[in-house]
Amino acid sequence: MAVGDEQFMRRAIAIAREAGERDGGVPIGCVIVRDGEIIAEAANEVSARNDPTAHAEIVAIRRATTQHGVDLRGATLYSTLQPCGMCSMASIWSHVSRIVYSAERDQVHSMYFEDRHYDTMDFIRDAFRDDMTFTGGVLSEESVQLYYKPGDDVPEEEQGNA
């Protein structure tokens with residue numbers, strides 16, 4: 001864990017908590033940091049925008065690249081939940097240098113992941129970027145409280161990726 005990881009993850013968790021309290025909100029938060037400064041932050045906006053690509057990480061990457069260009073080398077992406085395949089690919093193509101996530105896929109209900117048997121961190125490691133680093137489980141005890149747990153009986157209307 002690097003200096004500042006807990007501080008920036010706490011901000012992502014606060015964003016997620018706020019989003020989850022809104023009607024129809026999904027409690028996923030993301031912060032992008034470069035040179036010790038937050039350059040973008042976002043919550044999941046899928047329902048608000050009626051856009052299945054508006055995951056917190058994607059929205060934050062769009063905000064960061066609008067202000068700082070498409071190359072985010074040197075930036076760290078902090079997410080309250082292990083990034084899905086789409087968000088991992090966006091991190092690869094925007095050249096994010098590091099991903100730090102809180103809740104890991106085995107700590108939450110499988111509905112949060114589009115492919116229940118493939119770990120996106122393995123995907124990054126094996127297929128595309130050997131220079132991108134990632135750290136999981138940062139403040140996971142706090143963030144898992146935002147999500148349904150493995151084995152929970154999730155109401156059908158609240159199921160994502162079902």
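In what order do the strands of the open sheet stand? In this predicted model, the five strands follow the order β2-β1-β3-β4-β5, with mixed pairing.

Figure 1. Strands of a sheet pair through backbone hydrogen bonds, in either a parallel or an antiparallel manner. Helix α1 lies across β1, β2, β3 and β4, and runs at about 145° to β1.

**Figure 2. Strand β4 and its pairing with β3 and β5.** Strands β3 and β4 run parallel and are joined by five bridges. Within this pairing, Leu-81 stands opposite Ala-103 of β4. Strand β5 (residues 133-135) also runs parallel to β4, through three bridges. Here Val-100 has Thr-135 of β5 as its bridge partner. Strand β4 is mostly covered, with six of its six residues buried. Together, β3, α4 and β4 form a β-α-β unit that is right-handed.

**Figure 3. The largest nonpolar core.** This core comprises 46 residues. Met-9, Ile-32, Leu-72, Leu-77, Tyr-78, Leu-81 and Tyr-147 are the residues with the most contacts inside the core. At least two core residues are supplied by each of α1 (5-21), β1 (26-34), β2, α3 (56-68), β3 (75-81), α4 (85-93) and β4 (98-103). Helix α1 provides the largest share, seven residues. Not counting residues up to four places away in sequence, Met-9 touches Tyr-78, Ser-79 and Thr-80, together with Val-100, Tyr-101 and Ser-102, and also Val-138 and Leu-139.

**Figure 4. The aromatic pair of Phe-8 and Tyr-78.** A search of the whole structure finds one aromatic pair. The ring centres of Phe-8 and Tyr-78 are 5.5 Å apart and the ring planes meet at 40°, so the pair is classed as tilted. Because Phe-8 belongs to helix α1 and Tyr-78 to strand β3, the pair ties together parts that are 70 residues apart in sequence. Phe-8 has a relative accessible area of 9% and is therefore buried, the cut-off being under 20%. Tyr-78 is likewise buried, with a relative accessible area of 3%.

Figure 5. With neighbours within four places in sequence left aside, Ile-38 is in contact with Phe-8 and Arg-11, and with Val-31, Ile-32 and Val-33. Of these contacts, Phe-8 is a member of the aromatic pair with Tyr-78, and Ile-32 is among the residues with the most contacts inside the largest nonpolar core. Ile-38 and Leu-77 are separated by 39 residues in sequence, and their C-alpha atoms are 9.8 Å apart in space. In a regular strand, side chains alternate between the two faces of the sheet.

Methods
Residues are numbered from 1 along each chain as its sequence is written. This is a predicted model: local features need pLDDT of at least 70, side-chain atom pairs count only at pLDDT 80 or more; totals for chains, interfaces and linings use all residues. Side-chain values use heavy atoms; hydrogens and water are left out. Contact means heavy atoms within 4.5 Å. A nonpolar core is a set of buried Ala, Val, Leu, Ile, Met, Phe, Trp, Tyr and Cys residues joined through side-chain atoms within 4.5 Å. Buried means under 20% relative accessible area, exposed over 50%, partly exposed in between (1.4 Å probe, protein chains only). Helices (H or I, at least four residues) and strands (E, at least two) are DSSP runs, numbered from the N terminus. Two strands pair if DSSP finds at least two bridges between them. A crossover is right-handed if, with the strands pointing away from the viewer, the path from the first strand over the helix to the second runs clockwise. Rings of Phe, Tyr and Trp (its six-membered ring) pair if their centres lie within 6.5 Å; planes under 30 degrees apart count as stacked, over 60 as edge-to-face and the rest as tilted. Axes are lines fitted to C-alpha atoms, for helices over the stretch in contact, and angles run from 0 to 180 degrees between N-to-C directions.
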